[in-house]
Amino acid sequence: VTRRFTAPRGLDAAFLGTCLLLVAALVPGAVLRGEVLSQGQLLFGYAPWQGHAPAAVPPVNAFLVDPPLVFYPFLVFAVDTVRQGHFPVWSAGLYGGHPFLASFQAAVCSPFTVIAYLLPLPFATVPLALAPLVVGALGMRKFVASLGVGEAASWYGGLAWLLNGFA
């Protein structure tokens, strides 16, 4: 039987503050200077953008092709459709038509996508990317604490989730 561990509210706030400081330290340009998280330079490898590549294109992580080619265009379509007062059920712009709402890549009903519905794109991509990490870290901390192992171990578990590259 596991013991229920309830941390004082001050420790919850301290943990949340620590998480926010760590994610700000991970992407300081996005948090402090308003830069966006993007692999957009990857598009210079494809038509019609090939001929418009600047002289010094930063290196591209070839494993991150989905954000600029799938996730961001899907997000733009979903946000535009919702802001027009419609629910993005179908996309005629992909293949011969695409059941957009049924596509898990679109994440139309994700609670995190609400961030993009409320904030302007592309700047919404920063809190949209960081929110699941922070929420997951808070949840992992609570889960580890529910195992009855103590406050230090619950912080360790939560921060391990936050800094996990596969989260």
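A107 is placed in the loop between α3 and α4, where helices are DSSP runs of H or I with at least four residues, numbered from the N terminus. Although A107 is not a glycine, its phi is positive, at about 50°. Most residues other than glycine have a negative phi, and most peptide bonds are trans. A107 counts as partly exposed because its relative accessibility is 30%; buried denotes under 20% relative accessible area, exposed over 50%, and partly exposed the range in between, with a 1.4 Å probe and protein chains only.

The structure is a predicted model, in which local features need pLDDT of at least 70 and side-chain atom pairs count only at pLDDT 80 or more, whereas totals for chains, interfaces and linings use all residues. Residues are numbered from 1 along each chain as its sequence is written, and side-chain values use heavy atoms, with hydrogens and water left out.

Two cis peptide bonds are described here, each in a loop. A47 and P48 are joined by a cis peptide bond with omega of about 5°, and P48 belongs to the loop between α2 and α3 (66-83). The bond from L121 to P122 is also cis, with omega near 5°; P122 is located in the loop between α4 (113-118) and α5. Within helix α3 itself lies T81, which is buried because its relative accessible area is 13%. When neighbours within four places in sequence are left aside, T81 is in contact with H86, F87 and P88, contact being defined as heavy atoms within 4.5 Å.

Helix α1 spans residues 9-26 and comprises 18 residues. The distance from its first C-alpha to its last is 26 Å, close to the 26 Å expected at 1.5 Å a residue; the expected span is 1.5 Å times one less than the number of residues. D12, F15, C19, V23 and A24 are the buried residues of α1. These buried residues pack against α2 (28-32), α5 and α6.

Two packed helices are described by the angle between their axes and the distance between the axes. Axes are lines fitted to C-alpha atoms, for helices over the stretch in contact, and angles run from 0 to 180 degrees between N-to-C directions. For α1 and α5, the packing angle is about 145° and the axes are 10 Å apart. The crossing of α1 past α5 is right-handed; a crossing has this hand if the near helix is turned clockwise from the far one by less than a right angle, and is left-handed if the turn is anticlockwise. On the α1 side, L11, D12, F15, L16, C19, L20 and V23 take part, meeting L130, V134, A137, L138, R141 and K142 of α5. This contact of α1 with α5 contains 10 nonpolar, no polar and 3 charged residues, where Ala, Val, Leu, Ile, Met, Phe, Trp, Tyr, Cys and Pro count as nonpolar, Asp, Glu, Lys and Arg as charged, and the others, Gly among them, as polar.

The angle between α1 and α6 is about 30°, with 11 Å between their axes. The two helices α1 and α6 are therefore roughly parallel; this term applies to angles under 35 degrees, roughly antiparallel to those over 145, roughly perpendicular to 65 to 115, and oblique to the rest. Their crossing is right-handed. L11, A14, F15, T18, C19, L22 and V23 of α1 form the contact with E151, W155, G158, L159 and L162 of α6. By class, the contact of α1 with α6 has 9 nonpolar, 2 polar and 1 charged residues.

Helix α5 (residues 125-146) packs on helix α6 (residues 151-162) at about 150°, with the axes 7 Å apart. Consequently, α5 and α6 are roughly antiparallel to each other. Here too, α5 passes α6 in a right-handed crossing. P132, L133, V134, G136, A137, M140, R141, V144 and A145 of α5 meet a set from α6 consisting of E151, A153, S154, W155, G157, G158, W161 and L162. The residues of this contact of α5 with α6 comprise 11 nonpolar, 4 polar and 2 charged.

S154, in helix α6, counts as buried because its relative accessibility is 0%. Beyond neighbours within four places in sequence, S154 is in contact with R141, V144 and A145. G157, likewise in helix α6, is buried with a relative accessible area of 15%. Residues M140 and V144 are touched by G157, not counting residues up to four places away in sequence.
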